[in-house]
Amino acid sequence: MRSRRIVMSILTFVLASVLVLAGCSKGKSDNSPSSPSPGSSGNNSSNPGNSGSGDAGSGLDPRLEKWGLDENLRFKETRKITVEVYDRGNDNGTPPDTNFYAQFIKEGMLRDHNVEVVFVPVPRWTEGEVINNLLAANDAPDVSVTYSYPTIQTYANMGGVLDLAPYLEEAKDFLPDLWNLLTEDNIYWDRDPKTGTIWAIEARLAVLNRINTFVREDWLKKLNLQPPTNLQEFENMLRAFRDNAQLLLGNDADKMIPFSISFDVGWRADHLISAFVPNDITDRDMFIYGFDDRNFLYPNYKEAIRVLNKWYNEGLIWKDFPLYPAGDPTEDNLMKAGYVGAFIHNWDYPYRNGEDGIHASLQRMVGPDAAYIAIEPFPNDAGVYRKFLSAPIDRKVFFPATNKEPIASLLYLNWISKEENRLFLQFGEEGVTHEKMPDGSYKALVVTGEKIMNSPNNIDYTITVNGIKLSDPDLTVKSIANGYAGVDKRFIEIAHKITTNEGRIGKSVNVGEITAESGMGQALKEKRDVVLDQAVVAPVDKFDSVYDEGFQDYLRSGGQAIIDERAAKWQEFYGDKTMLD
């Protein structure tokens, strides 16, 4: 069972809903040598630190001359780049490398910059493992993407990743859309404080919506219960679901699941776990112990898992939750059938996927009043409904050392960051995939066939941004709410408000490489998932021994070394400071 769980935990989670408007695009070009058009690029035929000299009489910027670009930022000779794109394996999806949106990008890049783009599909749920293998084989796409920065750092140390710093600096004038969208914060987020190297740029997480706690609103009404506002009320609600299974499910009473989680306990119990973390945790401790993306080392974490263990042994939690890997539809199907009372998941999870989603399926199978609604039931020791929100960073975009066209690749990133291109990728064609509402907001339409989007708002193509953010915040919320066909807006607006309420946003702590993390990310994630799964399902009297043994193994397997190095790095750069400005 342990080996099966380890294999399953490799197939890790995922997130969320998408669109961002960035800063000002300057348009194509005013043909002035002092102000070239947006989105510039070039080849790697010369070191970017050597600006070269153009024809003084031509008026062409010498950098463009060196890179082989004309005044309109088109390569004089066609260049070719490969670009990673996630393959989600959707049964009703489209081929990610050749579909309508892939063709839109290919045609646009060839037209605007004379760059041929070839997409390389990478399985979404095993992307970390696959990108590792591609890098090891010197076969990674020219523009690569991963959620794992330690993977990038590991190969950078072996000479397998390009330092983007010199290219970004020299080409900055020609990449206004990229710089305006990401800003210096995200572009320099991972810059080494000593060497100045930039192995990757951080995509912008424009909307910090992360996780919500959901309950069956119709079940609350049927049992005359108010939405729970604290842990005890939530627990009492779960017991009420269990004890009234016959009333709520009739002949399917034996299928009752008061609370559902998955093998990824750290993600799927996040709001509960966050309530156990002391409100006064310092920035220092969040950095030192926060390298695990499920906050596994935060203080009091164990006590939150103890609650889950108690619930499991009381029959309040789905008994088979450890058996199914990421992407498996079993749990979703149980929700769609109406058997699940409550769960914690991505902030909009039940409302996604239109007619195939949980909300629509539940209403078809159970009735029009059946619905999940977001609630806030877990205050911390200070009475704060704390949510630990992500920093405004998302996927990491990097160029492997095998990339022979770094400037063309930067042109690509600038092109997909341009406002009009992003809008098209994220919303598609007006009247076909979306409509513009009288208030100026966007509303997605139900689409089938070649123009269906494999990922929410095509986040698999808009790799420099994840999240909807129009210039008007009110229109942003309305556009987000509009994006859920067949879902009453109130569910989305409530979920949107709660998911970031009383949130604490992650800060940039730039101390350079943490060598102990190199190559350890996936192995530690697997151990963490196994520890948590085993601790939840353990007999109550075995909980402490199971949890403690697993936790110590996690520390011995590299966790403690990371803690020690992070503590030393903090001391080196921040001294005795415990909070950042």
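Buried means under 20% relative accessible area, exposed over 50% and partly exposed in between, with a 1.4 Å probe and protein chains only. The model is predicted: local features need pLDDT of at least 70, side-chain atom pairs count only at pLDDT 80 or more, and totals for chains, interfaces and linings use all residues. Residues are numbered from 1 along each chain as its sequence is written, and side-chain values use heavy atoms, with hydrogens and water left out.

**View 1. An aromatic pair, Y298 and F388.** Both Y298 and F388 are buried. Rings of Phe, Tyr and Trp (its six-membered ring) pair if their centres lie within 6.5 Å; planes under 30 degrees apart count as stacked, over 60 as edge-to-face and the rest as tilted. By this rule there are 29 aromatic pairs. The ring centres of Y298 and F388 are 5.5 Å apart and the planes stand at 75°, so the pair is edge-to-face. Y298 belongs to the loop between helix 13 (283-289) and helix 14 (301-313), and F388 to strand 9 (residues 387-389), so the pair ties together parts 90 residues apart in sequence. Helices (H or I, at least four residues) and strands (E, at least two) are DSSP runs, numbered from the N terminus.

View 2. Strand 5 (residues 211-216) and strand 8 run antiparallel and are joined by four bridges; R216 has Y372 of strand 8 as its bridge partner.

**View 3. W311 in the largest nonpolar core.** A nonpolar core is a set of buried Ala, Val, Leu, Ile, Met, Phe, Trp, Tyr and Cys residues joined through side-chain atoms within 4.5 Å. Among the 91 residues of this core, F234, F259, I305, L308 and W311 touch the most other members. Not counting residues up to four places away in sequence, W311 touches residues including F234, L238 and F259.

Conventions: Two strands pair if DSSP finds at least two bridges between them. Contact means heavy atoms within 4.5 Å.
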